[in-house]
Amino acid sequence: RVGTIIEAVENNHLKKPSIILKIDFGSEIGIKKSSAQLIKNYTVSNLINKQIAAVINFEPKQIGNLISEVLVLGFPDELNQPILVEPNKIVPNGGKLF
C-alpha cells in the first residue's frame, strides 16, 4: 500500500540506529508506525510528506522499544543501504500496489 510519512524521529537507542515513521494510509487503514534503518540516505526532515510503499498485512514486530506495524519497502543502493520505493506522482493514500 502507499502512505504518506507524517512524522519521522531518529531512534539512536538500537544497535543499528533507525528512524521511527508514522505513516498515513488513508481513512480506511489509518496511521501506522514503522522503524526503518534509513539514516544513511535520509534525514527526518526530508522524509516528511514523502509517499512510500509498505506492506501492511504482516504481524506487528517488536523492534527495540517500538512495535513496528508495517514494513516499508526499498531497494539496496551500492552500499546495501535502503532507498525507499515511492510513486513519482502523488496518489491516494492506501492504494494497492499492482
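Visitor: Which residue is the bridge partner of aspartate 24 in β3?
Guide: In this predicted model, aspartate 24 has isoleucine 31 as its bridge partner in β3.

Visitor: How many bridges join β2 to β3, and which way do they run?
Guide: There are 6 bridges between β2 and β3, and the strands run antiparallel. They form a hairpin with 6 residues between them. Glycine 26, in that turn, has a positive phi of about 90 degrees.

Visitor: And serine 27, buried or exposed?
Guide: Serine 27 is exposed, because its relative accessible area is 82%, and the cut-off for exposed is over 50%. Serine 27 sits in the loop between β2 (18-24) and β3 (31-36).

Visitor: What joins β2 to β1?
Guide: 7 bridges, with β1 (residues 2-11) and β2 running antiparallel. β1 and β2 form a hairpin too, with 6 residues between them. Asparagine 11 stands opposite serine 18 in β2.

Visitor: How does the lining of the largest pocket divide?
Guide: Into 15 nonpolar, 8 polar and 6 charged residues.

Visitor: What about the second largest pocket, how much space lies in there?
Guide: About 240 Å³. Of its 15 lining residues, Val2, Ala53, Gly95, Lys96 and Leu97 are closest to the centre. Strand β4 (residues 51-55) gives the most to that lining, with 3 residues. The lining divides into 11 nonpolar, 1 polar and 3 charged.

Note on methods
Residues numbered from 1 in each chain as written. Predicted model: local features only at pLDDT ≥ 70, side-chain atom pairs only at ≥ 80, totals over all residues. Heavy atoms only, no water. Helix = DSSP H or I, 4+ residues; strand = E, 2+ residues; numbered from the N terminus. Buried < 20%, exposed > 50% of the residue type's maximum accessible area, 1.4 Å probe, protein only. Pairing = 2+ DSSP bridges. Nonpolar A, V, L, I, M, F, W, Y, C, P; charged D, E, K, R; others polar. 1 Å grid on protein atoms, 1.4 Å probe; cavity = no way out; pocket = protein on both sides within 12 Å on 5 of 7 lines; lining within 4 Å. Points joined across faces, edges and corners; volume = space filled by probe spheres on them.
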